[in-house]
Amino acid sequence: MHALVRVCVLISRAAVEVPARGASSHPSATTPHLPHTPVKAKSASPVSKLHPRQREIRRASEAPDAMGKPAKPSSAATPPAPPKTVHSPLLTYASMLSLLSLCPPFVILLWYTMVHADGSVVRTYQHLRDHGLLEGLRSLWPMPTVAAGKIILGFAFFEAALQLLLPGKRFEGPVSPSGNVPVYKANGLQAYAVTLATYLSLWWFGIFNPAIVYDHLGEIYSALVFGSFVFCILLYIKGHVAPSSSDSGSSGNAIIDFYWGMELYPRIGKHFDIKVFTNCRFGMMSWAVLAVTYCIKQYEMNGRVADSMLVNTALMLIYITKFYWWESGYWCTMDIAHDRAGFYICWGCLVWVPSIYTSPGMYLVNHPVNLGPQLALSILLAGILCIYINYDCDRQRQEFRRTNGKCSVWGKAPSKIVASYQTTNGETKTSLLLTSGWWGLTRHFHYVPEILSAFFWTVPALFDHFLPYFYVIFLTILLLDRAKRDDDRCSSKYGKYWKTYCNKVPYRVIPGIY
């Protein structure tokens, strides 16, 4: 099952690749793209605002109506490019349908194995073999309950309220392919602090016991599996009947539209960004909440928290804190600026993140390991170092981008390549390619500390069972695949300049190896 899921992920991502449009940046891009001015810019809408520079250049642009629906493009406008496939339609559909059908049961199987099968894949396999695949899966699959629904909805509404009500600085994302500049309120760090403080306070004062979340975990995952499917269907319908901006459109194929999404920046009203909610405020926040939940559950079961669980929880929370400290940078990444809101990104954040990403801690609840002070401290410090390096890679690139290359990288002026490219509208633009600092080691060096961070918050489980390391393996395959896809995209975009860049920075991810 594990191997099949990983293979389907890679096939699907390669077979149904959404083409890069414009110059949006993402976590795996080694090229700090500068904001560009598209040929046809749209006026301000409830979901995105025309950049002042674009307004000066394109005063004749068409405006959306009062409901935020995009205006019909003129003959000069380029319609949204539908997702294209690079493999046969049969392989494309088969890969997507495999993910749509295999990921939900895998989430439940992972939970069952961690919680009820002692972390043993063999025991779960024996259960399915003895009862038959369908009957065995049905017998272990918990049905959603009212209690699970209350927990999910309470958390979702709480996070939605924080997203809307907490103050935050205005942040403008990258210029979109249709010429819109999405505007965000950067209040993720505040929401993160309020969430953890509230959750711990409810436990401390005896108002709500987080152990209840763990006790209903299977029902919660089951409810998320089904509820998130409904959510994605609603997103698909919204993309057809009420798109939030001109950055939307159909490929003409319902399966592709559902899987990859209809809209780049779907919103409810003027201020509630759906992708910020699914990716940042539900997915990442649930990761932090569940990490704390597992720690509290082990404490209530054993009267103490093992040092292995403390290391795991501490590293996860430090990593998530780094994410929220850097949240506005995430809004410039591929997840937000390139991937549309469909099953692939939204279901993944609503279900895959709170289940798969938290799985090492889920395992440790019933398998406390006593590492000893020296080993525990060594793992903790190594994990913190990796998280810092990962952060510093992103900080270095953001500073280079913000100053248009006029900054210091490792104490000296940065080395760079000035690359020109043509937009889909035929305009010639330039970008600066950073070739020094962390970005001079390899083209995607930031993936190395990312993977090592995941390893260090998993290794406290030691090596009695394979399954706790599934997330590390999944992340490694995902990032290596993403690095290749990003290289292919940049090669197509920059041509000879990318070849020059690759000659100067010859390794893709691991210095001297790959």
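**Notes on helix packing and the nonpolar cores**

1. On one side of helix α20, Lys496, Lys499 and Asn503 are exposed; this, like every point below, is read from a predicted model. Trp498, Tyr501 and Cys502 of α20 (residues 496-504) are, by contrast, buried.

2. As to the whole protein, its secondary structure comprises 20 helices and seven strands. Of its 514 residues, 58% count as buried. Among contacts in the protein with a separation of 6 or more, 77% are between residues 24 or more positions apart.

3. The axes of helix α9 (residues 217-241) and helix α11 (residues 274-302) come within 14 Å and cross at roughly 175°. Since angles over 145 degrees count as roughly antiparallel, α9 is therefore roughly antiparallel to α11. From α9, the contact is made by Leu217, Tyr221, Leu224, Phe231 and Leu235; from α11, by Ile274, Thr278, Phe282, Leu290 and Tyr294. By class, this contact has nine nonpolar residues, one polar residue and no charged residues.

4. The largest nonpolar core holds 130 residues. Those touching the most other members are Tyr221, Trp287, Tyr294, Trp347, Trp352, Met362 and Tyr471. Helix α11 gives the most to this core, with 16 residues. In soluble globular proteins, nonpolar side chains tend to be buried together.

5. Which residues does Tyr471 touch, not counting residues up to four places away in sequence? The list consists of Trp287, Ile356, Tyr357, Ser359, Ala454 and Trp457.

6. Met285 is placed in helix α11. Is this residue, Met285, buried or exposed? Its relative accessible area is 0%, so Met285 is buried. Not counting residues up to four places away in sequence, Met285 touches Phe155, Glu159, Ala191, Tyr192, Thr195, Cys280 and Tyr324. One of these, Ala191, is 94 residues from Met285 in sequence, yet their C-alpha atoms are 8.9 Å apart in space.

Conventions:
Residues are numbered from 1 along each chain as its sequence is written. This is a predicted model: local features need pLDDT of at least 70, side-chain atom pairs count only at pLDDT 80 or more; totals for chains, interfaces and linings use all residues. Side-chain values use heavy atoms; hydrogens and water are left out. Axes are lines fitted to C-alpha atoms, for helices over the stretch in contact, and angles run from 0 to 180 degrees between N-to-C directions. Helices (H or I, at least four residues) and strands (E, at least two) are DSSP runs, numbered from the N terminus. Angles under 35 degrees count as roughly parallel, over 145 as roughly antiparallel, 65 to 115 as roughly perpendicular and the rest as oblique. Contact means heavy atoms within 4.5 Å. Ala, Val, Leu, Ile, Met, Phe, Trp, Tyr, Cys and Pro count as nonpolar, Asp, Glu, Lys and Arg as charged, and the others, Gly among them, as polar. A nonpolar core is a set of buried Ala, Val, Leu, Ile, Met, Phe, Trp, Tyr and Cys residues joined through side-chain atoms within 4.5 Å. Buried means under 20% relative accessible area, exposed over 50%, partly exposed in between (1.4 Å probe, protein chains only).
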